[in-house]
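User: I would like to learn how to read the overall build of a protein model and the way its copies meet. Please take me through one.

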Number of protein chains: 2
Amino acid sequence: MMPSYLRKTENSMIFWLRRWGGALLFLALASQGLVLLRSRLWADQGMWTFDNMPLEQLKARYNFVPTQAWLDHVRLSSLRFNNGGSGSFVSPHGLVLTNHHIALSELQKLSTAQHNYVKEGFYAPTKAQELKCPGLEVDQLVSMKNVTARVEAAVKPGMADIEALKARRAEIAAIERESLKATGLRSDVVTLYNGGEYWLYRYKKYTDIRLVFDPGQQIAFFGGGWDNFTYPRYDLDFALFRLYEHGKPVDSSGNYFRWSRRGAQPGELVFVSGNPGRTDRDDTVAQLELLRDRILPLDLNLLESHRAALVRYSSEGAEQAREASEMIFFIDNSIKDLTGMQKGLEDPRLMAIKMRQEAAFRARIAAHPAWERAYGGAWNQIAEAEKAFAAHLKLVRFRSVEFAPLVERALDIVLYVQQIKKPDADRLPGFHDAQLPSLRFRLLSPAPVYPKMEEALLGETLAESLAELGADDPYVRAALQGQTPEAAARQAIEGTQLASVAFRKSLLSGGEGAVDASKDPLIVFVRRLVPYFLQEQKWYDDHVHSIVTAAGQKLGQARFAVYGKSVYPDATFTLRLAYGTVKGYPMNGTIAPPFTTFYGLYDRAYSFGLKPPFNLPERFLRAKDRLKLSTPFDFVNTCDIIGGNSGSPVINRQAKIVGLIFDGDIESLAGDFIYDGKQNRAVAVDTTAIIEALRKVYHAAPLADELEGQPRTSRTPAGGPSGRR
Amino acid sequence: MMPSYLRKTENSMIFWLRRWGGALLFLALASQGLVLLRSRLWADQGMWTFDNMPLEQLKARYNFVPTQAWLDHVRLSSLRFNNGGSGSFVSPHGLVLTNHHIALSELQKLSTAQHNYVKEGFYAPTKAQELKCPGLEVDQLVSMKNVTARVEAAVKPGMADIEALKARRAEIAAIERESLKATGLRSDVVTLYNGGEYWLYRYKKYTDIRLVFDPGQQIAFFGGGWDNFTYPRYDLDFALFRLYEHGKPVDSSGNYFRWSRRGAQPGELVFVSGNPGRTDRDDTVAQLELLRDRILPLDLNLLESHRAALVRYSSEGAEQAREASEMIFFIDNSIKDLTGMQKGLEDPRLMAIKMRQEAAFRARIAAHPAWERAYGGAWNQIAEAEKAFAAHLKLVRFRSVEFAPLVERALDIVLYVQQIKKPDADRLPGFHDAQLPSLRFRLLSPAPVYPKMEEALLGETLAESLAELGADDPYVRAALQGQTPEAAARQAIEGTQLASVAFRKSLLSGGEGAVDASKDPLIVFVRRLVPYFLQEQKWYDDHVHSIVTAAGQKLGQARFAVYGKSVYPDATFTLRLAYGTVKGYPMNGTIAPPFTTFYGLYDRAYSFGLKPPFNLPERFLRAKDRLKLSTPFDFVNTCDIIGGNSGSPVINRQAKIVGLIFDGDIESLAGDFIYDGKQNRAVAVDTTAIIEALRKVYHAAPLADELEGQPRTSRTPAGGPSGRR
């Protein structure tokens, strides 16, 4: 478990992403989205909680008012993939639609030297052939309860900020514990509006998840890193899983999204129901400036050097290249994303808007003496804490073993056995009782481990720490013990048994005694570093986290006082509903179309002479003449999404699914902190493309039938009128 | 004839464009191109004169050294369209390839209420069916002679700038007159390197030009104003003419470009031989700042209001819409282009480069006392003149009747009869003996006139002058005579006989007496305004033109002293050769391909539901299944082009034609003043697309055979291997 300075309240998205299981969550960025101007609520924006949909706006602009039954149905048909994405039930038999890139980690884990499912794709024509995915958890939000009063009641008058923080933490842990005990459901208290509200979300948790279909990476990620985060686009970025319980497919006949055979219609009202991971739209200008001037440049440098290490590793052979490809993909994504965000922050026009908004907000507070007393100091408190953090940033950043998944897991194990001995309230974030099942599940995942790649990554990390902190830094001394970074990494990884699930299990069950006694070289290595992690954790908690959190909560309350629930809270990787229309946008001097077609896929492929990453899978070259090439492929809409929304269903008024979110356009990369409805777009696969490919390229008619709800009685002849456009 | 402040030395491209026959030259912007950093000669840049190709660079970078015979062949195969574009011989029988948008004015003139060739396109299966194009002139550059010494010898020591300017003008006119007399050839003295060199260019002039083929505007200009100036692109922007002499097709067997059946190959070396209209890469920072801060904003406003007037006129009916469509198209082009240029000028990075270049250049001059004495004052002289111009700009701009073609023609007639009575040296630019044949040709063109549209445009122009200058301005008083702008315009246009060629001819031959005695309302109107034009002309000549020209020439000489002919001169709508490679580029977060295909044409059309401007001609919908859809359509290359290059051939090392320039990408719109090889691209139609369309869409096999040089013995089966990509 990483120290909590890597958590939500920290400014940098990448910090937070690392928190979510390291690289796995980088991909959440792939659906990087759109953002909020408080002053521009007429735009189709907002990641609304299901208890607070903007019904008046929907009524006024679209003459549509969802009923409570509609909202409940949509909520219960929606799912969260705990590796960082979203999904939904799309048949009565537990069939779940999400992105290929959300399935990617599972494909990677299921692949062997014989079967590369990432490349080849996968199709289980029968249920018996569906493949179990170890280590994956999917959640369904079954209830939501406002617990703000109870959490706030824990804070007594006169408490210092740090005490108040602890008191709230303790109360939150208690609520979660009680709920878990009472219901057996995963129970998370969610902080909304920067502390304006606290809600208890209860999830039905699925862990028997089986892979049904994946089209293969080449077509799912056609255009590779180049086309990633851009539009027009030609990616068939979908995958199908089936949820099981007690060895049988889940009966989802009560709540699943019916399939639209028409797909998305230009101009129509659509909704995106999913789990946007994080936005920083309520952050202060001081926070954005630190992000722009210090954190992003440092993170981009780190990403570049880790990428270089992985490329070096890849060059050693085909197997190494296979092992590293997923992380390289995630890193490329992150680099492009953070660069886009950086450009947004460097855009004087956007920053001017943020400054005006902040000035207007501060003026509203200042005009009201009671508000000014209660909240007025928060901006300066945050600015001071950010200044302190900037000065300390290097230590926080380089006393860490980021990017080496097995080493992170080892660290989590060592921390786990220490933390669980403490009262729940005193533990580090991530180690509270209610969080332990998910943590244990992840720590005991049988996903494959690539020791040589771990070694390369750890070596790189240690080399960076040495270069930045110097050989005399106590952390560096403890990590290297006089060796070179390469030698220290080799010593830690070579001979570790942590790749074995059974060994990890034995350490967890053996507790602190077993861990302390272990002579496993990686455990020994991590044990030496734990004091420094805890030290940085404490420094960060005392000097930044507690102050920024408390001040941020004051601002959340202030915003709440001024704007109430007329606005939506920043994203928290919990279920939200966004609305908008299917619509092109002005782009690079011309206009981007509302949707693309199969014609465009072949155009882009041949335009580059079929060279990677614009090569087409053989089966797509063969199927060319069978396809109705004018079939819509991908489309864009104005729904407000961000990383974490990957795999979210796009539904219409009838709650029929018309598409599948998988990305945002390049103009949306500033979406973390500002929404600009003119150009920001969510990019989705059209349901018609999925059916066309399943039937004519993959010969998976039974699956297409299951999606469409019944076998088609008559087929529209290829090239004939489709009744659409 | 417009006053000379509308000429080359004026900063604003639109000023210059108006000079070139008003709106007709707007379209020259359609091939807006790429530009020059003196300090970055390693980029594929330069619009080189045929006497001074960068042979060393070509040798070093491409291992290719064109022979003199190669250069002569290319020069003599290349043509200039005097309505603002370029073209080339592409068969032994006088067949000439250029753009649809260069042919557009001719199509417009040839069209009737019965036959709209702009829309329908045109094909003459036999020579007898080819259509004569009145008023069009095509030039072939047959000789080039350096006359710098003679021009400079006319300037005597101690002459003031204005005297020196006049002396050069007189000498240039004399050279042109002598040459015309001696050879009968069109003879133009061209000012290169801002006065660093003067060259006598002699042209063989063709005036019997017949339309052979046009594909129709919808496919030639697919994507309309949206896609204009952008890439990826799907425009079949070509047209074919045939030149005649003495009633027979010109024998061009000596010099024409052989046709490449393979089209452009990604990565290959290519050349563009054509007539770039104008660049301002040698302009000073002060000039660019005036352009950015004053001239472009004013021009953009004017374009918008004229566009609005034409849209109002269009809304009156289908015939009105047809009449106005060409001008609206040109105006849209200009708005997009000038906006792009404005963005370039507002880009602090690009302006910083210009500033660094200027500083480096000034430092080189300052380091050399003789140079400093001779040239060092020029920058401040220009800056002072620009300041004066800025203060006077409104009068110059609004004491004018721009945008009303017939009114401009009337003005030219009134000025003509006055000017030709003066000694050649004292005349306004455009009225020198050598220029008179072209001027008379234009003034007597039988192209159709649309009086009601003229009235609308003149009314708009007068309304703007009234609004900007006030009712008491003497020009406004003379123009309106107390009436409203609408009434004054109606009075001037209603009842004019100037639409008649015979009437115009009678005025020209009748001379000043006939013009002075004329009671034609438009002549009467224009006569009242002439004194103000001449007054503004004189003010501009005395206070801006003479100073900026003289100082600009000093800088040209200074640049010549420092850099010699290692650099190329700014564009002058004379023949130049550019070189580069066929190459995609990073664009809007991803990469643009080197070429597009027919697949992409259909993708873009269906992506917009076949709605205008993305609708396809019926014949393209019908031909879909006959076409080999992976055939290259348009492609990009790094050749350095700009407006005026439209219709230029793209040729390979073998001097075979592989494509046809028709545009630049959006990133090239700053190309007037700076070249950025990373993203600036010239956009061309691939020769393979022309053949594919001629054979399979237009059933024009004989024409395809003429282009390809011989009937094909065997045809590559559709969909089969093409031996290419």
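User: How much of chain A is buried?

Analyst: A residue counts as buried if 20 or more other C-beta atoms lie within 10 Å of its own, as exposed if 12 or fewer do, and as partly exposed in between, with C-beta atoms placed from the backbone. Here 54% of the 725 residues of chain A are buried. This is a predicted model, in which local features need pLDDT of at least 70 and side-chain atom pairs count only at pLDDT 80 or more, while totals for chains, interfaces and linings use all residues. Residues are numbered from 1 along each chain as its sequence is written, and chains are lettered from A and ligands numbered from 1 in the order in which they are written.

User: Which radius of gyration does chain A have, and what would a compact globule have?

Analyst: The radius is taken over C-alpha atoms, and the globule rule is 2.2 Å times the number of residues to the power 0.38. For 725 residues that rule gives a value near 27 Å, and the 25 Å of chain A agrees with it. The C-alpha trace of chain A spans about 70 × 65 × 55 Å along its principal axes.

User: What are the domains of chain A?

Analyst: Domain bounds come from an automatic or database domain assignment. For chain A this gives domain 1 (4-9 + 284-562) and domain 2 (32-137 + 207-280 + 570-708). Their C-alpha centres lie 29 Å apart. Two residues are in contact if their C-beta atoms, placed from the backbone, lie within 7 Å; by that rule the contact takes 23 residues from domain 1 of chain A and 24 residues from domain 2 of chain A.

User: Which element gives the most to the side of domain 1 of chain A that touches domain 2 of chain A?

Analyst: Helices (H or I, at least four residues) and strands (E, at least two) are DSSP runs, numbered from the N terminus. On that side of domain 1 of chain A, α11(A) gives the most, with ten residues.

User: How many residues does each chain give to the contact?

Analyst: Chain A and chain B each give 28 residues. On the side of chain B that touches chain A, α22(B) has the largest share, seven residues. The copies meet through the same surface, because 100% of the interface residues of chain B are also interface residues in chain A.
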